[in-house]
Amino acid sequence: MHKQILTVIILLITVTINSQEKERESRFDEISERLNVSFESNAQWYLNDKKFEDIKEDTERLRANSYLRIDYQISDRFSSGFQLESYAPEPLLNYSKIFDEEIGLGTFYLNYNTKKLDITLGYYYVQFGSGLILRSWEDRALGVNNALRGGKIVYDPTNYLRLTALYGKQRKGFDVSDSNIFGFETQFDIANAFQIESLNSLKLGLSYVGKQEDYKSDTPNPQATIEIPELVNSFGAQLDLEYKNLYTNFEYIYKSEDARLNNFIPNIVSFSEKALFDGNAITWNIGYSQKGFGIGSTFRRLENMRFYSERSALNLNNNPTSQLSMNYLPALTKQHDYTLANIYIYQAQPGLVVENYEFPLVKSGEIGESIDVFYNIKKGSLLGGKYGTKLSVNWSYWANLTSTYSNPSGTPYFVGDDLTYETELLNFDDKLYSEINAEIRKKWSPKLKSIFTYINLNYNKGFLESKGANDFVNAWIGVAESTYKFNSGKSVRLELQHLSTNDDANNWAGGTIEYFFNSKFGVYLNDSYNYEESKITENTEIHFFNLGGSYTKGSTRVGINYGRQRGGLLCVGGVCRPVSKNTGVTLNLVATF
């Protein structure tokens, strides 16, 4: 009897232990399903190079930017997360100095979400319209993270109406800006609300963004005649229409009056205290598409549309990466993947900037247009061949707003604060940039395909790089690229490039060879060579080479690279940051758990 009782007790204990282990395993599995963890690290070891100036002795050679993001789904309606960031021992070269901590809490949030209601507390990202009036976003390659810290509410009372309200302070490194940001947007689906079946879509968006900031100046003007506003308001309206194969979108933004920065002395922040200037933006997209053919056109006019959460951030000499920017103003030119096509890059010119040269250089904004045409030549035709041929053409033209200016005080150019200006609404004469490019994509066989690209551009280097004169660079670029696939996932890609110009740095040649042993492991070698000596540009006849490779396993990717980086602009999605010439070893690690 005692043995039977003992056996039952042991059995109960065993069942209980097994049950607890299964419960723990079940809980662990549940937590794992609700938890998302990602890690990214970009590190570089900078080396001396006889072609460049040696790195200064007190400069940290090993630098890294690392990000750990953790998101957890607490329940069906609640989620939370945070992002830890490390810039140890120092951030990569050419990143903003506001990332001044080795490790810190970058962002955090708590979110409540139902079918009709979405509430976020902490840091959040948001976009009104196309972003001309407000966009907070993160791009680690550019060193941009202008998230808002505060609260955001999105409410969908019906399936055709969405209301968004927000308050916050913009992220500034590991702190926030000295200003308050308010916003409200309503999106109304007219076609759905009134059941207009003849239209594919008809939507109206109205938005408001306000920035409240106390006026501060390092060099106050004792003869100031106006009061700098504490609150700057912006209003926007957007209309989207789709009818059969046609679509169009129109957006208008108005920004109320604010002070103009005197951007003369690099380390001094001084504002014009004798005049205020408002700003506005207009964009209009229209296009037509059907199977095998599409055409689209984009017009945009920007005037004094730089919008920062702190006025001092307007000084681009001290803020080359546009930290604290509240709106999104990408260049509306075609974005190219090829190295030589990214030497003469157009950046959006939203104004208002006045620079002190022997002759006035007023940048009040931009006006321009871009047109894209796509056409697929049918399979089996003479030009289409067995697999068909894809053609695309892009044309872009951008100009500075034609302006007239006055200086009532009669003081030397730009010394005082009296300078005012007026612009013409539709005048394209003050040319900044033009480009026409054509691309042919051809599949020759199941294993071989090619891309051929031709680019012809006209780049006002004097104006766009603030040289103070109209100094144009005329250039053409040709690219031929082919990829051949072997069996078992192996492939090789060969790319040849050439840039030809009689101006600036003269002619370039470039190329890339890339080989994948399988879908996980690949290596590459590329080189860009300015092979003609130039009397205008320093450090010509240099090979800007890169040798590297990458390995991917599951959700983890490791890449390593050794080579030289050409100085200039690094651009992502039409937004750029300056980078300096350097040589070194780069390691990239991205992992998701």
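Modeller: Here are some notes on salt bridges, surface patches and strands. This is a predicted model, where local features need pLDDT of at least 70, side-chain atom pairs count only at pLDDT 80 or more, and totals for chains, interfaces and linings use all residues. Residues are numbered from 1 along each chain as its sequence is written, and side-chain values use heavy atoms, with hydrogens and water left out.

Colleague: How many salt bridges does the structure hold?

Modeller: The structure holds 19. A salt bridge is a side-chain nitrogen of Lys or Arg within 4 Å of a carboxyl oxygen of Asp or Glu.

Colleague: What does Glu310 meet in a salt bridge?

Modeller: The side chain of Lys172, at 3.1 Å, N to O. Glu310 sits in the loop between strand E18 (293-303) and strand E19 (353-355) and Lys172 in strand E11 (residues 161-172), so the pair ties together parts 138 residues apart in sequence. Strands (E, at least two residues) are DSSP runs, numbered from the N terminus.

Colleague: Is Glu310 buried or exposed?

Modeller: Buried, with a relative accessible area of 5%. Lys172 is partly exposed at 27%. Buried means under 20% relative accessible area, exposed over 50%, and partly exposed in between (1.4 Å probe, protein chains only). The areas come from the Shrake-Rupley method.

Colleague: And which side chain does Arg311 meet in a salt bridge?

Modeller: That of Glu213, at 3.6 Å, N to O. Arg311 is buried at 3% relative accessibility, and Glu213 is buried at 9%. Salt bridges with shared partners join Lys211, Glu213, Asp258 and Arg311 into one network.

Colleague: Switching to the surface. Which residues make the nonpolar patch?

Modeller: Leu204, Leu206, Leu239, Phe250, Tyr252, Trp284 and Ile286, covering about 600 Å². Patch residues have over 30% relative accessible area and no salt bridge; like charges are joined within 9 Å, nonpolar side chains (Val, Leu, Ile, Met, Phe, Trp, Tyr) within 5 Å. Leu206 is in strand E14 and is partly exposed at 41%.

Colleague: Last one. How do E14 and E15 pair?

Modeller: In the antiparallel sense, over twelve bridges. Two strands pair if DSSP finds at least two bridges between them. Ser207 has Gly236 in E15 as its bridge partner. E15 and E16 also pair in the antiparallel sense, over ten bridges.

Notes. Areas by Shrake-Rupley, 256 points an atom, 1.4 Å probe, with all protein chains shown as cover. Helix = DSSP H or I, 4+ residues; strand = E, 2+ residues; numbered from the N terminus.
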